[in-house]
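Welcome! Keep the picture open while you work through these exercises, and try each task before you read its solution.

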Amino acid sequence: MLRTDTAPNTEAPTIKLKNYKPFDYPISSVDLDFKLHPTATIVTSTVNYRRRKGVKAGAPLKLDGDGLKLVSIKLNGEVLKNSDFKATPQLLTIRNLPTKFILEIVTEIDPTANTALSGLYRSGGNYCTQCEAEGFRRITYFPDRPDVLAVYTTRIEADKKENPILLGNGNPQKKGKLANGNHFAIWHDPHPKPAYLFALVGGDLGAVFENYLTSDGRKVKLGIYVEKGKEDRTSYAMDALVRSMKWDEEVFGCVYDLDVFNIVAVSDFNMGAMENKGLNIFNDKYVLADKDTATDATFAQVEAIIAHEYFHNWTGNRITCRDWFQLCLKEGLTVFRDQEFSSDMRSRPVQRIADVAQLRARQFPEDAGPLSHCVRPEAYKEINNFYTATIYEKGAEIVRMIQTLLGNKKFRKGIALYLKRHDGDAATIEDFIKSFEDAAKVDLSQFALWYSQAGTPRLMVSTNYDSARQIYSVEVEQSLSPTPGQPRKKLMHMPLRIGLVGKNGDIKAKTIEGADYRDDVFEIKARKHKIKFLGIKERPILSINRNFSAPVEVDYRHTDKDLIFLAKNDHDLFNRWQAIRTSATKQIINAMRSILRKKKPKWNADYLTAIVDIACDDTLEPAFRASMISLPSESDIAQTLGKNIDPDAIHTARNSLQVEIGEALQGVSTSVLKALKLPKDFISDAEGSGKRKLANMLTVYGLHAGNEAIEKQVVKNFKAAKNMTDKEAAFSAILNHLDDPEIAEQTIASFYNKYKTDPIVIDKWFMLQAMVGGRKSVSYVKQLCKHEDFTWTNPNRVRSVIAVFSSANPTGFNRKDGEGYRFVAKSIKKLDGINPQTAARLLTAFGSWKMLEPSRRKLAHASLKSLSAEKKLSRDVRDILDRMLA
């Protein structure tokens, strides 16, 4: 028996895209046999290999491994001697192989000790797997890369009493009892797949089932498996799954291809969910939802993530990626698809606003910081660190730009060609782009630079109106700043939606010159474009980058008056929101500067009037009104400033504007709430969730205005709330806005005592406390980490405290004496020995440290350097640290 060394490998080699070559020994079939045991699971893999044509005879077979205990190896039924192979912690090498052969490898693994939650591990006493990106090598030695596709058959054996449920990929083939009290199940997946899509579940779970009839007339058995006693919280997830399957058939023509589709919810999971073929494994907080335990936001997440993982069946599974550099090919495209689904299920403008807000909050800072990377990276050391907003959200925006450039009809034609041409392939970005070029007869070579150039493009825009000649000119100049490893950039190709708004709505030009365009979409390719709109009889107001047609920063100075006009009159609802948001951002930044000079801020009265008018406008859906009257976050303001960021100053200025808005709304809040006619029965649809969001937002503004009646009402609301949306809103309001420690303590205790047996809700309890800002928040969060229900081994619990504190509590994390930085750095060091992936993701909270004002910047740097000095760091954390400090 040979045990590989499991010590941290901090000297990870750099993997480069340019060095890609196909695997020397493709495989056709994989037979896996698992004998499940808590600490000594035996895995037997039997794989059919053949030497690729053109590969020299005698070429060694190199298989990936990670911390495995090797029991035996057989080649064509004969046991290999130790002298016939070489095993290292990361690699198994076998030489002198025939052209075709069958290799049997037996390994022993310890699922209980696997706190990294990669490979085969245990969650709540159940066995489950997570193999993306490189977890399969923790199960057996294997060519663990996405371009090695094979048909899998899996036999699972376990104690029947402890593990009555045994699930695998594909379709169930056979099951039975064994004489030793065990039982077995055999699963077969007829569709070739890479190892990262392998999945296995064994345990004692409750389940709900539903039959689905596909558009081609096949019956599919849908199953959702959860912890026993929680089956009644799966109905929304099942409904979302059925709607996802139907929508994908109708919109993209994608029909499900197996006899069963199973979802398993587990409480210990590094990510949100995993699209394993026919057996999706989910973080349970994205499956379990009812009105008493889940907020409207949670219901929307469940819907979107269920859809996302199901949509991967075609865009990710049937067509996978050739290598991990192409990760955005499956993730960006599938995010685009789930965004479209959510838009159709709920409100398209509100969904677009939410998607762009998330992109700006997560991806724009990434593009502007030391972790900036291309949507298709050129190199990596640790692939787990590239599951980023750039890959997912920016990748989705690139797909959306293709749709905008080509138009919906040609876009759908290109998608259909891609699905047909590459079904069963491990594809590349070039394959994806070529499908659209061929379908639409266009050249997208310049557009493809979006995949290979990092950074957020900036458009400098200026306008001129010649009233005598009735010509309105819009000059657009593009630029792209240097990013790590890319000092010089090429010109980008992007769609730019432009509208001209007048007193009676959009103004249509008689003729347009200066750029290629279709309808209101202009193609920006050159460094400068001067677009002339002829026949314009009145000075228009520019509405640019409508519906966020390109993920860029637009530098154009609307007057305050023009911004308010657009906020009230632009027929593009996204740009209405953008206008009011830009107005708020300008005022907060100006107020911040006034406060730093010890002067009283001046507020735009027209802006405050517009906020009141929007809140009262019942021709607009409630969710959209809520989006319009909300302010940019403190992190959004910091991102706009870009340098010398003082989080305390931003907080003070933003809070001052909230007070002004609250006072302005006092006269209308009661009438708006009455007109909303809040539904008595909780239904988490666009209408109901929008009404609750607007109502709770008006309540918070009332608290900012110091309304004592509302302060008393919030306490009553907390006690009387009949759904978690209102319960959580009242809880947060009490913690953040009531200056009454006794009530806060009573509320915290009441919430905990009611939900202490429900881990998902207790995550919310931790999270809402970790978000409370101020100087004392660091010590408060330290106490939360000592709470009896806090554990370092559960990613959800760690994220609910430390990740929330570091990413959603700017004044606490960025405390002026640096204690917030030191606390998070020490937490990362502690977590790294337990779960490196989660530790590395926590570290990204420091991503904008170079933008801070000098004293905080120095303190953040010192904490990063202190962490970097540690010798025993995982390669996950080391990779992020090295890039941050470069």
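Two strands pair if DSSP finds at least two bridges between them; helices (H or I, at least four residues) and strands (E, at least two) are DSSP runs, numbered from the N terminus. This is a predicted model, in which local features need pLDDT of at least 70, side-chain atom pairs count only at pLDDT 80 or more, and totals for chains, interfaces and linings use all residues. Residues are numbered from 1 along each chain as its sequence is written, and side-chain values use heavy atoms, with hydrogens and water left out.

**Exercise 1.** Check the length of helix H2 (residues 296-311) and decide whether the helix is enclosed or open.

*Solution.* The expected span is 1.5 Å times one less than the number of residues. Now for burial: buried means under 20% relative accessible area, exposed over 50%, partly exposed in between (1.4 Å probe, protein chains only). In H2, 13 of the 16 residues are buried, so the helix is largely enclosed by the rest of the structure.

**Exercise 2.** Describe how the rings of Phe432 and Phe436 are arranged.

*Solution.* First, the rule: rings of Phe, Tyr and Trp (its six-membered ring) pair if their centres lie within 6.5 Å; planes under 30 degrees apart count as stacked, over 60 as edge-to-face and the rest as tilted. By this rule there are 46 aromatic pairs. The centres of Phe432 and Phe436 are 5.0 Å apart and their planes stand at 85°, so this pair is edge-to-face. Both residues lie in helix H7 (residues 429-440), 4 residues apart, about one turn of the helix. Phe432 has 1% relative accessibility and counts as buried; Phe436, at 0%, is buried too.

For contrast, Tyr821 and Phe846 form a tilted pair, 6.1 Å centre to centre with 50° between the planes.
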